[in-house]
Amino acid sequence: MKAPIKERIPGFALLSIAVIFSVIPLASMFTAALHEQGTVPVGIEWPADPQWHNFIDAWKVADITPLLVSSIVLVLGVVPAAALIATMAGYGLGQLRIPGGSVVFILLLLGLTLPREATIVPIYYQIRDMGLLNTQFGLMLVLIGSFMPFAVFWMRAHFLTMPKELAEAAAIDGAGAWQSFIRIQVPLAVPAVSSLCLLLFLWTWNTFLQAIVLIDDPSKRTMAGALQNFVGLHSTDVVLLNAGALLIMAPTIVVFLAFQRQFMKAMISGGVKG
Amino acid sequence: MTTLRSTAPTTSRRTVAPKKKSFLHRWSGWLFVLPALLFYGVFVLKPLVTAVEYSFYDWNGITVATFVGFENYVRVLTDPQLLASIGHAFFLIIFFTVLPVSGGLLMAALLRELRSKGMGTFARTALFLPQIIPGAAAAIAWVWMFSASGTANQMLSAIGLDGLTRAWLGDFTWSLPAVGVIGTWINLGFCTILLLSGTGKIDASIYEAARLDGAGFVRTLLSVTLPGLKQEIGVCVTVTVISALASFDIIFMSTQGGPGYSTMVPGVQVYQLGFTQSQVGLASALALILTALILIVVLPLQRLFRSED
């Protein structure tokens, strides 16, 4: 049953205000990015002569190509490894119910509310002592570690819902724990694992603090981390700055629009933000 | 799954597998957990323990550290500047939590009520978008919005409020609320979508009954939607409070804590102390106090919003 028209009008109005509030900063960046370089645009205003080539110039100036490559390398280094390790641990804790598992679980629980700032200073010295400062490998290790509490939590919750008899039935057939994990449990866990991968992708891609602390060379950072350097160099050129920042945001926006449903579902059930 | 549950031979297993093997089998499960535990231990727990160690020393990161006991902690709790940064983080809760959760509740109720397919999908996508872009990029968008020639001032002028225009992020009074608005922008969509998915679980007949009783939109929102979403509101509050207290990306990229210290928050302060001012011990003490504050705020929230049934 729909609400009467009289009530619907203020409702639509309020909703529209919220939508405009959400979209306007991005729209305003977009129109600013289309103005002539070196000029200072005013607010949100479609330029008389949109300079589409600004995006090409910003791509060159911000050196987007190595940034894209670097972010993709980081994602490929972090997401599959973190998902595999977390799925294994989730299986161990949720399905095999290993002895002492609750202690591990409580330890991980502690990590869920731990802010990144809490460990960032020691992490810097630790990675330095490992000789991994300014390497993507070092950043990957740190990210995998920092994703563990949530990722294991997530996979454990999945394996808790799987009937215990599944593993036991496999055990009778003579399948070892590893065999039953690979052949039976992993295929059944695909939906949970893929939502997890989506979240891990987003978090890796948007990583900022660890990227700027551990890697000096912006072209080896994440896209978000590279923004810091880009702003430092071009803060005076509003047009180019906005064009570059939009290019840096574009990949996540495209991936989000493509996998909208999955993203929202995963982020809601995760109850966490990136 | 249910058929499997009822037919699987739960009891026969013990007779088939000898007890000793089952014992070994149980412990071998640790091999599955070990890699995760190793990463977590080396890159989260170890640095956390090291932070505790650092916090008792005066160390510039290079020369020999001197043990100073609780001095760093005392400094965090007495230095007006550091205390102010903690105060700012709590002030941000208004913008990161109170506004997005109450706004999200209203939006979720409206989206449910209006049930307009096209508008609904579009609104959900638009509202959620700020949540997925990097916080650092969101900051850049808003630096431009709030600049002297930005859209915020343009809109104020358009409605005849020229007198209010200013460079928002450069203003000692207005920079903190302005930075807060960025948090509202990011968190509103998350809360809306989470609460909207929660309304799906509320029995439609309750809404029907409320309408038959003549309850209007506001009445229904307060007596049906709000109590029905207790758990979801709890999740929203927890997540957004953590994002307020531990904020870093947005503030680092928009104001760096300035002008002066007017937008300084513990996250940015830890970074500056640790990496530009070489006060590793003090940075660690502040980071640990921040962690403790988050726990002190979040744990009671969990209890408060736990569903009774």
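The buried residues of helix 13 of chain A pack against elements of both chains. From chain A, the partners are helix 9 (190–205) and helix 12 (238–258). From chain B, they are helix 7 (117–132) and helix 10 (175–199). Helix 13 itself covers residues 260–270 of chain A, and its buried residues are F263(A), M264(A), A266(A) and M267(A). A residue counts as buried if 20 or more other C-beta atoms lie within 10 Å of its own, as exposed if 12 or fewer do, and as partly exposed in between; the C-beta atoms are placed from the backbone. Contact between two residues requires that their C-beta atoms, placed from the backbone, lie within 7 Å. Helices (H or I, at least four residues) and strands (E, at least two) are DSSP runs, numbered from the N terminus. An α-helix has 3.6 residues a turn, so residues three or four places apart point the same way.

The model is predicted: local features need pLDDT of at least 70 and side-chain atom pairs count only at pLDDT 80 or more, whereas totals for chains, interfaces and linings use all residues. Residues are numbered from 1 along each chain as its sequence is written, and chains are lettered from A and ligands numbered from 1 in the order in which they are written. The scores are ipTM 0.89 and pTM 0.89. For chain B, the average pLDDT (the predictor's confidence in each residue, from 0 to 100) is 87. In that chain, 91% of the residues score at least 70. Residues 1–20 of chain B have a pLDDT below 50. Beyond near neighbours in sequence, that stretch has 15 contacts in the model.

Chain A contains 13 helices and 0 strands. Its C-alpha atoms fill a box of roughly 75 × 65 × 30 Å along the principal axes. Of its 274 residues, 49% are buried. Among contacts in chain A with a separation of 6 or more, 73% join residues 24 or more positions apart. The domain assignment divides chain A into domain 1 (5–51) and domain 2 (64–270); such bounds come from an automatic or database assignment. The C-alpha centres of the two domains of chain A lie 33 Å apart. Their contact takes 10 residues from domain 1 of chain A and 8 residues from domain 2 of chain A. The domain 1 side of this contact has 6 nonpolar, 4 polar and no charged residues. In this classification, Ala, Val, Leu, Ile, Met, Phe, Trp, Tyr, Cys and Pro are nonpolar, Asp, Glu, Lys and Arg are charged, and the others, Gly among them, are polar.

The contact between the chains takes 92 residues from chain B and 89 residues from chain A. On the chain B side, the largest share, 16 residues, comes from helix 4 (residues 30–54). The chain B side divides into 64 nonpolar, 21 polar and 7 charged residues.

The largest nonpolar core has 178 residues. Such a core is a set of buried Ala, Val, Leu, Ile, Met, Phe, Trp, Tyr and Cys residues joined through C-beta atoms within 7 Å. A86(A), A151(A) and A137(B) touch the most other members. Both domain 1 and domain 2 of chain A give residues to this core, so it lies between them. Not counting residues up to four places away in sequence, A86(A) touches M148(A), A151(A), V152(A), M155(A), L196(A) and A36(B).

In chain B, helix 15 (residues 266–276) is largely enclosed by the rest of the structure, because 8 of its 11 residues are buried. These are P266(B), G267(B), V268(B), Q269(B), V270(B), Y271(B), L273(B) and G274(B). They pack against helix 5 (117–129) of chain A. Within chain B, their partners are helix 6 (80–114), helix 14 (249–254) and helix 16 (280–305).

Backbone exceptions occur in loops. G258(B) and P259(B) are joined by a cis peptide bond, with omega about 0°. P259(B) lies in the loop between helix 14 and helix 15 of chain B. S278(B), in the loop between helix 15 and helix 16 of chain B, has a positive phi near 50°. S278(B) is partly exposed, with 14 other C-beta atoms within 10 Å. In chain A, R97(A) has a positive phi near 45°. R97(A) sits in the loop between helix 3 (64–94) and helix 4 (101–112) of chain A. R97(A) is partly exposed, with 15 other C-beta atoms within 10 Å.
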